[in-house]
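Please read it alongside the coordinates.

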Amino acid sequence: MAMEVTRPPMEPAHKALPAARQRISTVTSPLRAAYRIRHKYLVMKRRHVSREQSEPADAEGAGTGWHLPPKGQETSERAFKHRAKAAEYFTFEKVPIKTPKRHRSSKKRKVLYPNDGKRYLPEKKKSKAKNCLFLLSIIVFFQIYNAIENLDDNVLKYDLAGLEKTLKREVFGQAVAIDSLMDLLNDYLATHIHNRPLVLSLNGPVGVGKSLVGRLLAKHFRSVLSDRLVYQYFVLHHCPTQDNVTSCQQELAGGISDMVNRAEEEEKIPLLIFDEVEFMHPALLDFLQNYFQPNQTNEFLNAVYVLISNYGQGEITKFVLQNASSGMMPQQTKSEELLFIVQSLLTHFHPLWKHADIVPFTLLERTHIEDCFLEEMMREGFYPDTTQLNELSRELNYYSVGNHQYSVHGCKHVGTKVDLLR
């Protein structure tokens, strides 16, 4: 017969506590309240553990955290109370719970506003930085506009538009060369500060207008600047013999120094023209090359040098005739191939031309020769007709290629033919 184990009734937790703790007021500090709750919890836990050690766990109630009474007595009132009292206690055994992983949705969740509230758009605040940015943009705009105006004023000072009109009116058959020359002058004369001087090399056959362009440049710059800022140097006139190279160097050095110093004082760019360069002594070319270097003082960097020579005339003539035979127009003779041919030839002759911009002058057609005759006869007081112009132009020598006729000596002998009419 199984013996029933009787347990003394469990005293309430408030009686087991000291009398002093029962008189603690409910309105205490949070620290004392927390200590009281923890103490009460520990007492209940110790009683629960001692009860589990004194009573063997039943097979049906094992591992559940409560203790069942013996079999046959579950329906009794005592068993019911025992189960109810045991249900008041719980264990702290951790039961692993598998929770499904939530996949983050790629869509952004919409912000839901309460129905009873009012919706307000975010307030637009004016930023002071916008005013500063607007002011800075205005300043930059006026700076750029002022710089452009200064460039225009500097170009207007040299009247390059008038120079271009004069060249196109006086020089025949060299429209491409004149356009190239004016582009280089416009780019260089737009500012006063440079890192190197501008060196222009006018090359081509005899009588095609190179020396005429040099005279027109000198005349124009004397009118817009002054006589003192234009320097013309004719090799056969200033240095006719090869024995006085040293004196020629001293004379040339003095002329260039006076010219650039005077131009620097007036804040202008001088023009120095050297004609008949093919007759210049190599020692004089070496001396002249020193003025074309970039590592010089400021006054020597702001200058325009024009070198006129017949160097490269054979290559230019050959190039024009070959292109004419292939059907190309004369305007297409300004190509990178022609510039490369002439530049290579001149550089091989002397390194001075490494610093120069080449402007090739091509052959003149028969129509251009007739224009030269008309211009010269009008200057001398003759009033020719078309028949007379054809007869005069027929007396010159030409290269005949297809439908084109190119003058061998250009307009060089036009003046002599017109003098015979007197």
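The model is predicted: local features need pLDDT of at least 70, side-chain atom pairs count only at pLDDT 80 or more, and totals for chains, interfaces and linings use all residues. Residues are numbered from 1 along each chain as its sequence is written, and side-chain values use heavy atoms, without hydrogens and water.

The second largest pocket is lined by 30 residues. Gly207, Gly209, Leu212, Arg215 and Cys411 lie nearest its centre. Helix H8 (210-224) is among the elements that give two or more residues to this lining. H8 supplies the largest share, 5 residues. Lining residues have an atom within 4 Å of a pocket point, on a 1 Å grid; a pocket is an open set of points where a 1.4 Å probe fits, with protein on both sides within 12 Å along at least five of seven lines.

Helix H16 (residues 386-394) has Leu389, Leu392 and Ser393 as its buried residues. Buried means under 20% relative accessible area, exposed over 50%, partly exposed in between (1.4 Å probe, protein chains only). Down the H16 axis these residues fall within an arc of 95 degrees, so they line one face. They pack against H15 and strand E6 (398-401).

Tyrosine 311 and phenylalanine 349 form a tilted aromatic pair, 4.3 Å centre to centre with 45 degrees between the planes. Rings pair if their centres lie within 6.5 Å; planes under 30 degrees apart are stacked, over 60 edge-to-face, the rest tilted.

| Residue | Relative accessible area | Class |
|---|---|---|
| Tyrosine 311 | 18% | buried |
| Phenylalanine 349 | 43% | partly exposed |

Conventions:
Helices (H or I, at least four residues) and strands (E, at least two) are DSSP runs, numbered from the N terminus. The arc is that of the directions from the helix axis to the C-beta atoms. Contact means heavy atoms within 4.5 Å. Rings of Phe, Tyr and Trp (its six-membered ring) pair if their centres lie within 6.5 Å; planes under 30 degrees apart count as stacked, over 60 as edge-to-face and the rest as tilted.
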